Amino acid sequence: MIRHIVLTRFKPETSESTIADIYDGLSALSEKLTGAQGFTGGRSESPEQIERGYMHGFVIDFDNWDALQAYAQNEEHQALGGQLVANAVGGIDGILVLDLDV
């Protein structure tokens, strides 16, 4: 299984409702794609408070690398990813992506 982890530093003017809309779209997409499941996302509530500005994140699990690749190439994913980039501090520089083989 591949765990896709995305952390975002959103611009201060990006509303929580805008973030929720993006995450709702990603959750719905993960339910439609074969080999994708388990979307979880939201704002950090860490008591450690060492997010370094990455206050929001989400995780999607994929059955394998092919399923992750299909997600990456999906037009709906690319549009939602564009919204993430547009609302992140510094564009793509405000986003961290980790893919772990778990």
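Predicted model: local features only at pLDDT ≥ 70, side-chain atom pairs only at ≥ 80, totals over all residues.
1. A residue is called buried when its relative accessible area is under 20%, exposed when that area is over 50%, and partly exposed in between. By this scale R3, with a relative accessible area of 29%, is partly exposed.

2. The number of salt bridges comes to 3. One of them joins the side chains of R3 and D61, with a nitrogen-to-oxygen distance of 2.7 Å. The two partners lie in distant parts of the chain, 58 residues apart: R3 belongs to strand β1, and D61 to strand β3, which covers residues 56-62. Their surroundings can be set side by side. R3 is partly exposed, its relative accessible area being 29%. D61 has a relative accessibility of 11% and therefore counts as buried, since the limit for that class is under 20%.

3. A further salt bridge is formed by E16 and R43, whose closest N and O atoms are 3.2 Å apart.

4. Is K32 buried or exposed? Its relative accessible area is 55%, so K32 is exposed, the cut-off for that class being over 50%. E76, by contrast, is partly exposed, because its relative accessible area is 32%.

5. Two packed helices are described by the angle between their axes and the distance between the axes. For helix α2 (residues 65-73) and helix α3 (residues 75-87), the angle is about 65° and the axes are 5 Å apart. On the α2 side the contact is made by Y71, A72 and Q73, and on the α3 side by E75, H77 and Q78. By residue class, this contact of α2 with α3 contains 2 nonpolar, 3 polar and 1 charged residue.

6. G81 is also part of helix α3. With 21% relative accessibility, G81 counts as partly exposed, because only values under 20% are classed as buried. G81 and W65 are 16 residues apart along the chain, and a distance of 19 Å separates their C-alpha atoms.

7. M1, L98, L100 and V102 together make a nonpolar surface patch of about 340 Å². Of these residues, M1 is placed in the segment before β1, the strand that covers residues 2-8. M1 has a relative accessibility of 37% and so counts as partly exposed. The patch rule asks for over 30% relative accessible area, and the 37% of M1 may be read against that limit.

8. Most residues other than glycine have a negative phi. Q49, a residue other than glycine, has a positive phi near 55°. R52 is not a glycine either, and its phi is positive at about 55°. Where is Q49 found? Q49 is in the loop between β2 and β3, and R52 is found in the loop between β2 and β3 as well. The relative accessibility of Q49 is 63%, so Q49 counts as exposed; R52, at 73%, is likewise classed as exposed.

9. A88 is placed in the loop between α3 and β4, the strand of residues 95-101. Its relative accessible area is 0%, and A88 is therefore buried. Which residues does A88 touch, apart from those up to four places away in sequence? They are T8, R9, F10, K11, G94 and I95. The C-alpha atoms of A88 and I19 are separated by 10 Å, although these residues are 69 apart along the chain.

Note on methods
Residues numbered from 1 in each chain as written. Heavy atoms only, no water. Axes fitted to C-alpha atoms, helices over the stretch in contact; angles between N-to-C directions. Helix = DSSP H or I, 4+ residues; strand = E, 2+ residues; numbered from the N terminus. Contact = heavy atoms within 4.5 Å. Nonpolar A, V, L, I, M, F, W, Y, C, P; charged D, E, K, R; others polar. Patch = residues over 30% accessible without salt bridge, like charges linked within 9 Å, V, L, I, M, F, W, Y side chains within 5 Å. Areas by Shrake-Rupley, 256 points an atom, 1.4 Å probe, with all protein chains shown as cover. Salt bridge = Lys/Arg side-chain N within 4 Å of Asp/Glu carboxyl O. Buried < 20%, exposed > 50% of the residue type's maximum accessible area, 1.4 Å probe, protein only.
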